[in-house]
Each structure stands twice: as C-alpha cells, then as structure tokens.
Amino acid sequence: MPGKTLLLFDIDGTLLRAVGAGRKTFVRVFKELYGSSSGFEDVSFIGQTDPEVFQGAARQILGRELDRDEYIAVTERFAAVYGEELARCERFYLMPGAAALLATLSRRESVLLGPATGNLARTPRLKLRPGGIHGYFSFRGFGSDAPDPPAMGPPAPATAGRRSTRSPAQPLQ
C-alpha cells in the first residue's frame, strides 16, 4: 500500500474507558458456565488479550485451561452479554482529544486508521459506537486474530488493503 500510513490505536485506555464492563462480563460468563467466578480478582487484564484473560481465568478458577469447545462457549457467551454490561457501565467515556484526533486524521488521504486491540472481534464495535468513533476505522486487528499481542500486528495491515476503499464517514461493519 504505497503512500499510505497505517495508524493503529488500542481501544481501552487509549481511545476510551468502559470502567468495569469487561471484568463484570468475564465474571458473569464464568459464573454462568462454571458456577463460580471465585479467584477472578487475581486475574490480570493489563496487557492481556481477551483470549489470554479467558485462559488465565480458567487456570485461576478451574485449575486448568479451557479446551477448544469450552473456549468457543466462553467466547460466544462473552460476546453475547458484553453489550448488556457495557450499557450498565456507569463510567464510560472517551479519552480527552480522542474523537478530535480521529476526525482530523481520518480526513487525510494518506492515512488509514484502525483499532489494534486485544478484544474479541465482536466487542470493539460495541465499545466504539457509544462514543461515536466507530466510523473512523477502515481496518482492524483483534485479540481473537491472535492470542499473543505481538502477533496481532500483521493481520491489520493485511486487512487494510482490502478495506481501504471506504470513506471516513462509513462505519466499521
């Protein structure tokens, strides 16, 4: 993609804060599916992708990692209920200057914007929409693309070439 600059933005703590919504969703899902969320307070979210948090929670709560079928069930349930917890979130806000920066950068022909986040593919849309910033992104990289944060980088530029024809006003689908 000659002549284009790809700018990636983390979501949580960079563009916005949805204080407690993610943790409440994780706790809810483990309680619903496994009858317990005891030990979740020891699970770290900092610098972790959602897949890493799921497995860390399983190790804390169940004493083992999730198998493939369990992982699918947990991630599907998480995606299904995250929006409910986000709607109840009392401390949701955009970071100062985030919307203005995205608006300015999206008007530049030489710039493509995308979130590169540890979230599962279905949850960032839910986070970006309430702040009105979902329409600025032409590609994306998610935690479900790769469980290891350093491995998340390559998918975003690869998808950028396929999605770069949208106008800045078109929302990310």
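A salt bridge here is a side-chain nitrogen of Lys or Arg within 4 Å of a carboxyl oxygen of Asp or Glu, and the structure holds 8 of them. The views below come from a predicted model, in which local features need pLDDT of at least 70 and side-chain atom pairs count only at pLDDT 80 or more, while totals for chains, interfaces and linings use all residues. Residues are numbered from 1 along each chain as its sequence is written, and side-chain values use heavy atoms, with hydrogens and water left out.

**View 1. The whole chain, to get your bearings.** The protein chain has 6 helices and 4 strands; these are DSSP runs numbered from the N terminus, with helices being H or I of at least four residues and strands E of at least two. Reading from the N terminus, the order is β-β-α-α-α-β-α-β-α-α. Of the 173 residues, 43% are buried, where buried means under 20% relative accessible area, exposed means over 50% and partly exposed lies in between (1.4 Å probe, protein chains only). Take the contacts (heavy atoms within 4.5 Å) between residues at least 6 apart in sequence: 75% of them join residues at least 24 apart.

**View 2. Helix α1 and what covers it.** Helix α1 runs over residues 21-34, and its 14 residues should span 20 Å at 1.5 Å a residue; the end C-alpha atoms are 20 Å apart, so the two agree. That expected span is 1.5 Å times one less than the number of residues in the helix. The buried residues of α1 are A21, G22, T25, F26, R28, V29 and F30. Their cover includes β2 (16-18), α2 (50-62) and α3 (68-88). Just past the helix, look for G35, which takes a positive phi of about 75°.

**View 3. Where α1 crosses α3.** The axes of these two helices, α1 and α3, come within 8 Å and cross at roughly 135°. Axes are lines fitted to C-alpha atoms, for helices over the stretch in contact, and angles run from 0 to 180 degrees between N-to-C directions. α1 and α3 are therefore oblique to each other, since angles under 35 degrees count as roughly parallel, over 145 as roughly antiparallel, 65 to 115 as roughly perpendicular and the rest as oblique. Residues of α1 in this meeting include F26, V29, F30 and L33, and those of α3 include V74, F78, V81 and L86.

View 4. The side chains of R28 and E84 form a salt bridge, 2.8 Å from N to O. This pair links distant parts of the chain, with R28 in helix α1 and E84 in helix α3, 56 residues apart. R28 is among the buried residues of α1, whereas E84 is partly exposed at 37% relative accessibility. A second salt bridge pairs R77 with E32, their closest N and O atoms being 2.6 Å apart. Here too distant parts of the chain are linked: R77 lies in helix α3 and E32 in helix α1, 45 residues apart. R77 has a relative accessible area of 29%, so it is partly exposed, and E32 counts as partly exposed at 39%.

View 5. R64 and E70 make a salt bridge whose closest N and O atoms are 2.7 Å apart. R64 counts as partly exposed at 37% relative accessibility, while E70, at 15%, counts as buried. Elsewhere, salt bridges that share partners join R28, E32, R77, E84, E85 and R88 into one network.
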